[in-house]
Each structure stands twice: as structure tokens, then as C-alpha cells.
Amino acid sequence: SRNYNFQSSSSIQTKIPKLRILLVDDAPMLRKATSRALMKEGHDVDVAHHGAECLKVLESKDVAFDLILMDLQMPVMDGLEASQRIRVLESNRLSMLPPSDADISLLSNRSIMIIGLSANSESEAREDCMQSGMDGFIEKPLTMKIFRNSYSSLFQKNQN
């Protein structure tokens, strides 16, 4: 009988596509470490220091982001309020655009995936994320393995 050596599923690398990511976090060290790690994985990363700056970046860039990694607790505007505003912008923009323009708009007719980041693992933080229109939640510190797994499962969920 042959001896098949199956790897446990946890050791299999989850491959995800190259993403255009907006990282929103007020902590300089974390922002630097996380953006560096993401770039090492092959992603394009823009950064914002708080929610209001995140909205400015979205308004000013004529590029569609695939994903926003949003810290929950930040000065000026927190991640929950920023996410709510992004969802409002998206729905307003969709209702104003004729279908022909919808696919070239900044926030195209798909909504940007937003994942909340927080050191709080409480289910309350998770609940807040969902209510503000976020797609998911990752507890800090963010590791690339956790990031890949979270993104993959959310992406699959959104495809259905």
C-alpha cells in the first residue's frame, strides 16, 4: 500500500490575487509594518491616517481600490463612521449614474470590500463592523496568513 502524505489544510498557502489596498490606521509603526508586509506579498498599498483622510483619498484617486483595511479606533474620524460614509457615497453614486458610466466610476458598481481592524476581539467590535457596512473583521496584530485566509473567505462569500 502506498503511503500518501497529506498536508494539513492549515499549512497550505492560500493564494490571493494582487490587490490595490487602502490601509487606514493612525499608528505610524503599525501602518509602516503592515504596508511593508502587504507590499512584500505583492499588493499595491496606499495609506491614510484616519477616516476623514481615507474619504479624501477615495475622492481624489481615479483608481478603484479592491480592499480597505480600516482601523476602528482613530482620531478625527473612526473606522466605523468612515465605513458608513463610504457605503452612502457608493449608493449615492450608483443612483446618479447612467449604467454606461457606472463601470468606469471611481467606486464602480461593486462596493469596495472593507475589513475592520481592532485590538478588541470582543464580539461587540465585530457587530459594530457589520452594522457600519464593513465586510469583515480581523483582530490585531494582523499577520499575512490571517489576512490571506480572511480575504479568501470573504471574497468567496461575496461571489455568491
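Modeller: Leu67, Leu69 and Asp71 point one way from strand 3, while Ile68 and Met70 point the other way. All of these residues are buried, meaning under 20% relative accessible area, where exposed is over 50% and partly exposed lies in between (1.4 Å probe, protein chains only). In a regular strand, side chains alternate between the two faces of the sheet. Strand 3 covers residues 67–71, and five of its five residues are buried, so the rest of the structure largely encloses it. Strands (E, at least two residues) and helices (H or I, at least four) are DSSP runs, numbered from the N terminus.

This is a predicted model, in which local features need pLDDT of at least 70, side-chain atom pairs count only at pLDDT 80 or more, and totals for chains, interfaces and linings use all residues. Residues are numbered from 1 along each chain as its sequence is written, and side-chain values use heavy atoms, with hydrogens and water left out.

Now the neighbours. Two strands pair if DSSP finds at least two bridges between them. Strand 1 and strand 3 run parallel, joined by four bridges. Val24 has Met70 of strand 3 as its bridge partner. Strand 3 also pairs with strand 4 (residues 113–118), again in the parallel sense, over five bridges. There, Ile68 has Ile114 as its bridge partner.

Next, the charged side chains. A salt bridge here is a side-chain nitrogen of Lys or Arg within 4 Å of a carboxyl oxygen of Asp or Glu. The whole structure holds eight of them. One is Asp135 with Arg87, whose closest N and O atoms are 2.9 Å apart. This pair links distant parts of the chain, 48 residues apart: Asp135 sits in the loop between helix 5 (123–131) and strand 5 (136–139), and Arg87 sits in helix 3. Arg87 counts as buried because its relative accessibility is 16%.

Two other pairs complete the tour. Asp44 bridges to Lys18, with closest N and O atoms 3.9 Å apart. Those two are 26 residues apart, Asp44 in strand 2 (residues 44–48) and Lys18 in the segment before strand 1 (20–24). Asp44 is partly exposed at 33% relative accessibility, and Lys18 is exposed at 58%. Glu81 bridges to Arg85 at 2.6 Å between the closest N and O atoms. Both lie in helix 3 (residues 79–96), four residues apart, so about one helical turn separates them.
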